[in-house]
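The following exercises concern one protein chain. Each task is followed by a solution in steps.

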Amino acid sequence: NFLLKCKECVLKIERKEKEKSRPVIIESKIDPEEIFCSRCKTRLPVSSFSKTQANKAKSGRDGIEGRCCKCTAEIEAEELKLRNGKIEIRREKLSKESRQGNVKTRFQAAMMECALEAETVTGLKPMKGSS
């Protein structure tokens with residue numbers, strides 16, 4: 001019950017199947033070279049986005065939206081300012097503790113100050129119990 005086919009016929013059939021399976025591209029009025037920034041709520045050219053943020057916006061996965069370079073820089077600056085403020089508060093508290101108390105509390109304060117310095121340099125928070 002098997003029908004034999006020549007190579008040309010098999011290739012024609014495969015091409016037809018591939019064409020049927022291709023997604024239908026719907027033309028829209030939206031310029032494909034522009035992406036919507038989820039923070040400033042504007043459509044901007046692709047060149048205004050980093051490669052990662054552009055891919056996030058283009059993928060359209062659930063809840064993932066891209067941000068332009070300007071908005072991303074503003075968010076990073078806000079986070080840095082907040083993180084540095086918290087670090088300064090902890091540093092002041094530690095300097096008070098290092099002036100008072102016994103050797104153990106002074107040593108703990110010195111270790112925490114070292115961890116804070118590492119956090120400012122690397123941006124990574126110290127983890128308890130890790131080696």
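Lys-41 is placed in the loop between strand 1 and strand 2, where strands are DSSP runs of E with at least two residues and helices are runs of H or I with at least four, both numbered from the N terminus. The model is a predicted one, in which local features need pLDDT of at least 70 and side-chain atom pairs count only at pLDDT 80 or more, while totals for chains, interfaces and linings use all residues. Residues are numbered from 1 along each chain as its sequence is written, and side-chain values use heavy atoms, with hydrogens and water left out.

**Exercise 1. The loop between the strands**

Task: Determine whether Lys-41 is buried or exposed, and do likewise for Ser-38.

Solution. Step 1: the classes are buried (under 20% relative accessible area), exposed (over 50%) and partly exposed in between, with a 1.4 Å probe and protein chains only. Step 2: Lys-41 has a relative accessible area of 54%, and is therefore exposed. Its phi is near 60°, a positive value in a residue other than glycine. Step 3: Ser-38 lies in the loop between strand 1 (34-36) and strand 2 (43-45). Its relative accessibility is 12%, so Ser-38 counts as buried. Step 4: with residues up to four places away in sequence not counted, Ser-38 touches Glu-65, Gly-66 and Arg-67, a contact being heavy atoms within 4.5 Å.

**Exercise 2. The nonpolar core**

Task: State which residues form the largest nonpolar core, and describe the surroundings of Ile-35.

Solution. Step 1: a nonpolar core is a set of buried Ala, Val, Leu, Ile, Met, Phe, Trp, Tyr and Cys residues joined through side-chain atoms within 4.5 Å. Step 2: the largest one has 6 residues, namely Ile-35, Cys-37, Phe-49, Ala-54, Cys-68 and Cys-71. Step 3: Ile-35 belongs to strand 1 and is buried because its relative accessible area is 6%. Beyond its neighbours within four places in sequence, its contacts include Leu-44, Phe-49, Ala-54 and Lys-58.

**Exercise 3. A buried glutamine**

Task: Locate Gln-53 and explain why it counts as buried.

Solution. Step 1: Gln-53 is part of helix 2 (residues 51-59). Step 2: the residue counts as buried because its relative accessibility is 10%. Step 3: apart from residues up to four places away in sequence, Gln-53 touches Glu-65, Gly-66, Arg-67 and Thr-72.

**Exercise 4. The packing of two helices**

Task: Describe how helix 3 and helix 4 pack.

Solution. Step 1: helix 3 (residues 69-99) and helix 4 (residues 103-122) pack at an angle of about 160°, their axes 9 Å apart. Step 2: this angle makes helix 3 roughly antiparallel to helix 4, a term for angles over 145 degrees. Step 3: the residues that meet include Ile-87 and Leu-94 in helix 3, and Met-112 and Leu-116 in helix 4.

**Exercise 5. The chain as a whole**

Task: State the order of elements and the buried share of the chain.

Solution. Step 1: the chain has 4 helices and 2 strands, running α-β-β-α-α-α from the N terminus. Step 2: of its 131 residues, 12% count as buried.

Definitions and conventions. Axes fitted to C-alpha atoms, helices over the stretch in contact; angles between N-to-C directions. Parallel < 35°, antiparallel > 145°, perpendicular 65-115°, else oblique.
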